[in-house]
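Biologist: I am new to this structure. Please show it to me, then take my questions.

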Amino acid sequence: MAAPEEPLRRRKVASASQGPGSPPGPGRDPADCPARLRAGTFWLTRIVLLRALAFIYFVAFLVAFHQNKQLIGDRGLLPCKVYLKSVQQHFQGQAGWGALSYAPTILWLLDWSHMDFNLDALALLGLGISSFILVTGCANMVLMAALWVLYMSLVNVGQIWYSFGWESQLLETGFLGIFLCPLWTLSQLPRETPTSWIVLWGFRWLIFRIMLGAGLIKIRGDQCWRDLTCMDFHYETQPVPNPMAYYLHHSPWWVHRFETLGNHFLELVVPFFVFLGRRMCVLHGALQILFQVVLIVSGNLSFLNWLTIVPSVACFDDAALGLLFPSGPGSLKDRVLKMQKEGAREARPTLTYGCMMRQAAHLALGVLVAWLSVPVVLNLLSPTQVMNSSFNPLRIVNTYGAFGSITKERTEVILQGTASPNASAPDAVWEDYEFKCKPGDLRRRPCLISPYHHRLDWLMWFAAFQTYEHNEWVIHLAGKLLANDAEVLSLLAHNPFADRAPPRWVRGEHYRYKFSRPGGLHAADGKWWIRKRIGPYFPPLSLRDLKGYFRAREWPHPEPA
C-alpha cells in the first residue's frame, strides 16, 4: 500500500510550491477558477456593436439591391433621376452646394444616364463592406464612414420609399459607429484605440431618445394609449402582420391591458435607468433588448427593432458581455483579460500624438451631438411633439417615435386586372394581384420576413387609408401592370397574367379586412382573414388613358411585354 503515497507526496509538494505570492496560470484567478473580466472596459462591447451594426447595414443594402431599380431606378415607380432634376431646378439648375446640402448623395457626382447601374453599385459596395465587418468583427473609420455615406446617398434620393423613421435611425447609429474605430487599423482589439466613453454615451443617448420619444408620442397621441385599449387593435391593423400577430390579437382583454401598461413602463420609465449607474444601465439594456425581441416576434416591422437593439448594447461592458464569448488561451476573452491586467499595472498611459487627435475628434463629436440635440430635446418637451423627423440634412441627430396613433380598422387596396375589352361588362372577370407580404388572398398565411423589408407592401398600407390622388405612384404601378412590366412584377408574389397577354384594364378595389376567429367557420375553411368591399379605390384604367398622365410627370410610358 506504500506505492500510492509517492504521487500523493509529489502533488502536495507541487501544490506547496505555488505559495500565496505565486502568479496564477493564464486566464485563471488565485482560486484556480476562470478569471472574470473586470467592469469598466468595452473591448468586447465594441466587437458586438460593430457586428450588430454591420448586420443591419447588410440587410438594408440587400433590400436596396433587390428593390431600388423597381422603385427609384431609370424606369422605377418614382425615378430618382426625376427627383434630382427637380432639386436641381429648385436651385436654378445648378448642382452646387445648395442642391448637395438639400439632398446629400454621391449620385450628384455620377453619370445619370445609367442610374440603375449606379444604384446597384452603391448597394453592392455596401453589401461587400458590411459583410467583411460582420464576418471579421473589425472595422476602421474609413470603412464605417463609407457605409454611412453609401446609405445616406440612397436615403436622400429614396423619396417616400425611404421615408421611414428607421432610415434616419440607421444613419444616426452608423454615424456614431464611425467613431468606435481607429482611423486605419483593422483589428478586433486595437490596443491603442480603446472604446471612447463619449461614443458609448452617444449610443446611450440615442436609445434614451428613441424609447422616450416613442413613449411620449403615444401618451400625447391616440386616446387608446391612455385608456389602455390600443393593443386591442394593433396586431390586426399594423402595416404587415405576421402569424404570431393573428394569435396575439385574440388574447384576452386583460392581456392587452397588461401589454399597454408594460409598453408605457418600458418607454417612459426604463429609459432613465441609463443614468443611474452601471447596474441599472445594464438592466436598462437587458430590458430594452428583451422588449425589441418581443416586438420582432409579434410583427414585421422591417429592421427597426433589430436596429434598436444596437445602441442598447452600449449599456453593457466587458464584464457583462463576457458570457457571450468562449474562454481559453488565445481567445478574445483571454486577450481582453490580459489587456485589463496590463492596463491596471500602468500608472498612466502615454499620450501620443495619435491619441490626442482621437480625443479631440471624440470631444468634437460630443459637442456636435450636444448642439444638434437642442432642437430634438425641445421637440421631446413640446406638447406638439413631431416624430421621425430630422433637423439637419445629414440626419446625425433625429427625433423618433412609433404608433402615436392606432388605426382601428384595417383597409387594403386590392389591385385587379381583366382581359375583357369592356371593363364595365357584367361578365368581365377581374383577377387579383398578390403582393409579397401584405394581406390579399384570405387563405394565405401572414408572412414572416423581419428584418427584411418589402417597401412597396408598406406603402400600400399607407395608401389604403388615403386616396390615390395622394399617392400618384399607385397609378404608375397600375400602368406597369398593364404592360406586364417584369421589373415591377418582381416585387409582387403573383401575377394572374403571367405567360399570357397583359390585362386590358387594371383597377383598385378598397376592402376592409379583419382576422378570422380561431375555431370559427372562416378559420375552419382555411381563411386567416375575412373581408368586406368598401368601394372602388381608383376606376378601371387602360394604357391609353395614362399616356398624358405619364408624360406630365416625365415617367417613361410602359410598353406591353
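The questions below turn to helix packing and then to cavities.

Modeller: This is a predicted model, in which local features need pLDDT of at least 70, side-chain atom pairs count only at pLDDT 80 or more, and totals for chains, interfaces and linings use all residues. Residues are numbered from 1 along each chain as its sequence is written, and side-chain values use heavy atoms, with hydrogens and water left out.

Biologist: How many charged residues are in the contact of α6 with α7?

Modeller: Contact means heavy atoms within 4.5 Å. Residues in this contact include W148 of α6 and E167 of α7. Ala, Val, Leu, Ile, Met, Phe, Trp, Tyr, Cys and Pro count as nonpolar, Asp, Glu, Lys and Arg as charged, and the others, Gly among them, as polar. The contact has eleven nonpolar residues, two polar and, for charged, one.

Biologist: How is α2 oriented relative to α7?

Modeller: Helix α2 spans residues 43–72, and α7 spans residues 165–178. Their axes are 11 Å apart, at an angle of about 140°. Angles under 35 degrees count as roughly parallel, 65 to 115 as roughly perpendicular, over 145 as roughly antiparallel and the rest as oblique. Therefore α2 is, relative to α7, oblique.

Biologist: Which residues of α7 make the contact with α2?

Modeller: On the α2 side are L50, L53, I56, Y57 and A60. By class, this contact has six nonpolar, three polar and no charged residues. The α7 side supplies L170, T173, G174 and G177.

Biologist: What is the volume of the largest cavity?

Modeller: A cavity is a set of points, on a 1 Å grid over the protein atoms alone, where a 1.4 Å probe fits but cannot get out. Grid points are joined across faces, edges and corners, and a volume is the space filled by probe spheres set on the points. There are three cavities of 30 Å³ or more. The space in the largest cavity is about 50 Å³.

Technical notes. Axes are lines fitted to C-alpha atoms, for helices over the stretch in contact, and angles run from 0 to 180 degrees between N-to-C directions. Helices (H or I, at least four residues) and strands (E, at least two) are DSSP runs, numbered from the N terminus. On a 1 Å grid over the protein atoms alone, a cavity is a set of points where a 1.4 Å probe fits but cannot get out, and a pocket is an open set with protein on both sides within 12 Å along at least five of seven lines; lining residues have an atom within 4 Å of a point.
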